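This briefing sets out the architecture of the model displayed below. Please keep the sequence and the three-dimensional view at hand while reading.

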Number of protein chains: 2
Amino acid sequence: MRLEEIRREFHPVLPKALRGCKLRLQEDPKGNFQAKDASVESAFPHTFHHPLLWVSTEGKEKIPPKKQTIRVGVVFSGGQAPGGHNVIAGIFDALQERFTDPTLIGFIGGPEGILENQTTLLTKEKVDLYRNQGGFDLLGSGRTKIEGKKAIEKAYQNSKDLRLQGLVIIGGDDSNTNAAVLAEAFSQKDRRIAVIGVPKTIDGDLQSDYTPISFGFHTATSVYAEMVGNIAKDASSAKKYYHFIRLMGRSASHVTLECALKTQPNFALISEECLEKKKSVFSVVEELVSLIKKRANQGKYYGVILIPEGLLEFLTDMKQLISSINEALFQGVSSVESTLQESEKKLFSALPKSIQKQLLMDRDPHGNVQVSKISTEGLLVAMVEEKLRAFPEVANKFHPASHFFVYEGRASLPSNFDANYCYSLGKIAALLLEDGKTGYMASLLHLHKPVDEWQPLALPIAKMLHTERRKGKEKLVIAKALVCFSSEAYQTFAKKRGDWELSDAYLCPGPMQFFGPSAVVDAHPFSLRKPNLGL
Amino acid sequence: MRLEEIRREFHPVLPKALRGCKLRLQEDPKGNFQAKDASVESAFPHTFHHPLLWVSTEGKEKIPPKKQTIRVGVVFSGGQAPGGHNVIAGIFDALQERFTDPTLIGFIGGPEGILENQTTLLTKEKVDLYRNQGGFDLLGSGRTKIEGKKAIEKAYQNSKDLRLQGLVIIGGDDSNTNAAVLAEAFSQKDRRIAVIGVPKTIDGDLQSDYTPISFGFHTATSVYAEMVGNIAKDASSAKKYYHFIRLMGRSASHVTLECALKTQPNFALISEECLEKKKSVFSVVEELVSLIKKRANQGKYYGVILIPEGLLEFLTDMKQLISSINEALFQGVSSVESTLQESEKKLFSALPKSIQKQLLMDRDPHGNVQVSKISTEGLLVAMVEEKLRAFPEVANKFHPASHFFVYEGRASLPSNFDANYCYSLGKIAALLLEDGKTGYMASLLHLHKPVDEWQPLALPIAKMLHTERRKGKEKLVIAKALVCFSSEAYQTFAKKRGDWELSDAYLCPGPMQFFGPSAVVDAHPFSLRKPNLGL
């Protein structure tokens, strides 16, 4: 039997609070949960005032009789994250347990499937095939957002035609915002269709004091760290390559931070820190060159450097340059270069030719520079090489190798942590729908503790929103959670990284294990939020 | 405890034949082993006539008394392969068991360490730290070959000064040839210093009817297949990317074949097949375009394509072009392009600009084109894109992503298979040295069976040599074992691959497991040779 097949048989562990024979939703027991932005109320009159909900178990009561029917829709939104299928399995099993005639319908190809009414009936046979499996291939996914009156009406009409009582949206920050918008809009309609969000994203930027981490982060960072650790082991064996490894995280550097803690590279850039310290491309290159020279002094001509995907947009000079180019493009200037200021010109001419070309030629659908497509690791390598030309004895032994890991970790078999976490999230989503709750995001607290002690809860999404300027427009969004300098993960990193620069303290975490000693089987992310909420 | 630490405690399983209290070397029990090239005899008068040796156990005899002292040197040669440290652990433990005062000395940084007398004493503490660990970092490695009278004399002198009785060279085909050369040369000296080779290479091209596979192949292909499987799962979830994945294997396509069997991609190129069928770059591109169009007809705009590292040198037109460019460079022609024939010019102009530049500019130390540095996956992507321009409805939805996996798998924690295999190889090497045997390569038969039944043996390397023209010179070498069309692995691939093209039969092997059900823990490569030798 192949591992994929063996994993199908894994039974996710539920927290105690989800194991009782009767579950109860309790209103905000501590009363700490506050709206992020009171002005959001006007846009969410029906859902803004919902309280935080707490799942508590009343184990001694008899199992309540099953209700008769329920019809629920579920959809994946955005990029793959390991564990998504277990959210569906959790919903499916919970509906089976609580209803005599439940129906779970999957929308195909992401939110587009809601608008186009592309559905599949989720039978036991189908769901069983995907238990504890990676990817989103049971349904597929997509990046469409259901925005604007017309689209929302269409989504409502199609859901109504399917006689849905509930819709679960499995997605990131924007998808959960979208869930809140739909929940509010549907609340004003004749048919009650509740909308629930589930926090997914391997970038880990959908987190708060009430959501220690989004699902998928643990598995993805485990896979990336396996690769980084293997590469580091190779580096310290071959002793002749500098590995520049870019990791996911357009906005936040959680993935890089987590992988750094797991592998102890010689250097890890953290975008948030670069912003805080107002670093420029030049200063980052200077730091790298200094590191490489220091290691060369010790006879070490190899190393491992981690780079977060979104770094460039956090560097003052690069940000300025990109914004000026965008402005010039917007104004239709024929020679973009001639419009740049002196300092911008200097940076531009220091960039590798291929990146210059990319900055001037590649456009996103809005006509902007495609920052995400820039090979940041290639840019840094080229600039470091240029700078090292002044030190030929080091330059001659500088052999860089670049890596960018994305697809390798997004659809992996979920770790036990993510398998358990996602299954619980699915159970909570179903419980909320059973109770007719809408506009909530499922969540669990205390994920750093044993599964038994995880505390299920539900967050009113509208209270998580605030106004942000995005692409030139004011929008209500969930703020992306950046790396927090007071977090345990960052503090540990800040304390240890000095030692990693010269000594080779590389760790090789190896492949994710599903069986064996609890230390490896029950692993969870370093980067879990452990807020002191008195919860 | 981290997985690395947990793995240190793993006790490799030994085959029954290595577990007896007394081991016996028996001469070629079947008498089938023949020299590859009788003319080699003249160059190896002292070692050519050695017979194949068979390790048999005489379990009922009493444990023979320990001998007193032995001094052995060990060295890693060439690229990293998972399991190398277990060869050392096997040698170390065997010497401890059989001698009251054994000394194991490691040479630092590969064969260069023998010439420069860079050594480290391998104590129990050191060896214990590296048991079942990946990489070669206990000693480091290097690609120096000990060639020429002077170097061989130096190697002998240094080994003599260290009072060595034996030297174990852990390396690939060339390193084992080197072991044979040293064994022969040392046989003519006053001090008896035996030389033993151990078959390492993740490419898997050091194999024969008597060596089912080299060590490291299983682990490396498991790591690569994990990545390929994850990428395939991502492809079938996102449904919008074509992944072109290049895998190790400059000469032979064993890695690609093994990964194809493990993951069932839509297409896998096999260099040997391209050579056999006299394929050109154009015909390969044509095949890929045809596949992409066929899938588009089914509404599938995604896919996974595997490419062996050395493909280009197996394609008729590309081989011809490279050879003509090398010739022109050799003759110091100022405009290389002008010397090309019409068909070569046509191919050259069809190549992406970056590859053209690389062909004309990048030189290896001998002044030749650096074929290994050409991004074959990038070349194919660019040529496929060009060709697809005639089919805009397909081209518009063609989003390629390129990958090249090397360092990710070379230094990984060894699988149980490689951990056991390498430990046994080390034991065999020590046994040979105890018996004063020289010019042998340690090996094991029946690796497809349970470890219990593995049959240890030792092959006289000189009998494996034949004459080949390499870099313009006749050389005695071990022939690189290419993919054999009659092998079970290839036959299975050939039978199944048609189905993989359109149906998505992707498998996701997931991360290597060290614990759990025997199906995943006792896994071994598909590509093991199972020759019918009556052995």
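Two strands are said to pair if DSSP finds at least two bridges between them. Helices (H or I, at least four residues) and strands (E, at least two) are DSSP runs, numbered from the N terminus. The model is predicted: local features need pLDDT of at least 70, side-chain atom pairs count only at pLDDT 80 or more, and totals for chains, interfaces and linings use all residues. Residues are numbered from 1 along each chain as its sequence is written, while chains are lettered from A and ligands numbered from 1 in the order in which they are written.

**Sheet of chain B**

- Strand E7 (residues 194-199) of chain B runs parallel to strand E12 (residues 440-445) of chain B, and two bridges join the pair.
- Within this pairing, B:Gly197 has B:Met441 in E12(B) as its bridge partner.
- Helix H6 (residues 173-187) of chain B packs on the sheet and touches strand E6 (166-171), E7 and E12 of chain B; contact between two residues requires that their C-beta atoms, placed from the backbone, lie within 7 Å.
- The direction of H6(B) makes about 170 degrees with that of E7(B); axes are lines fitted to C-alpha atoms, for helices over the stretch in contact, and angles run from 0 to 180 degrees between N-to-C directions.
- The open sheet of chain B comprises nine strands in the order E1-E2-E13-E12-E7-E6-E3-E4-E5, and its pairing is mixed.
- Strand E1 (23-27) and strand E5 (119-121) of chain B are the edge strands, each pairing on one side only.

**Sheet and hairpin of chain A**

- Chain A has an open sheet of nine strands with mixed pairing, ordered E1-E2-E13-E12-E7-E6-E3-E4-E5.
- At its edges are strand E1 (23-27) and strand E5 (119-121) of chain A, each of which pairs on one side only.
- Strand E7 (residues 194-199) and strand E12 (residues 440-445) of chain A run parallel and are joined by two bridges; A:Gly197 stands opposite A:Met441 in E12(A).
- Strand E14 (residues 465-470) and strand E15 (residues 473-478) of chain A pair in the antiparallel sense over six bridges, with A:Glu468 opposite A:Lys475 in E15(A).
- E14(A) and E15(A) form a hairpin with two residues between them, and A:Lys471 in the turn has a positive phi of about 50 degrees.

**Domains of chain A**

- Chain A is divided into domain 1 (3-27 + 47-56 + 71-216 + 414-478) and domain 2 (223-408 + 488-511); domain bounds come from an automatic or database domain assignment.
- The C-alpha centres of domain 1 and domain 2 of chain A are 35 Å apart.
- Five residues of domain 1 of chain A contact eight residues of domain 2 of chain A.
- The side of domain 1 of chain A that touches domain 2 of chain A has one nonpolar, one polar and three charged residues; Ala, Val, Leu, Ile, Met, Phe, Trp, Tyr, Cys and Pro count as nonpolar, Asp, Glu, Lys and Arg as charged, and the others, Gly among them, as polar.

**Relation and contact of the two chains**

- Chain B and chain A each give 45 residues to the contact.
- Helix H1 (3-8), helix H7 (217-238), helix H16 (407-410) and helix H19 (518-521) of chain B are the elements that give two or more residues to the side of chain B that touches chain A.
- H7(B) gives the most to that side, with ten residues.
- The residues of the side of chain B that touches chain A comprise 22 nonpolar, 14 polar and nine charged.
- The copies meet through the same surface, because 100% of the interface residues of chain B are also interface residues in chain A.

**Two residues of chain B**

- B:Ala489, in helix H18 (residues 488-502) of chain B, counts as buried because it has 20 C-beta neighbours inside 10 Å; a residue is buried if 20 or more other C-beta atoms lie within 10 Å of its own, exposed if 12 or fewer, and partly exposed in between, with C-beta atoms placed from the backbone.
- Not counting residues up to four places away in sequence, B:Ala489 touches B:Leu257, B:Glu258, B:Leu261, B:Phe526 and B:Ser527.
- B:Gly378, in helix H14 (residues 376-388) of chain B, is partly exposed, with 17 other C-beta atoms within 10 Å.
- Leaving aside neighbours within four places in sequence, B:Gly378 is in contact with B:Pro352 and B:Ser402.
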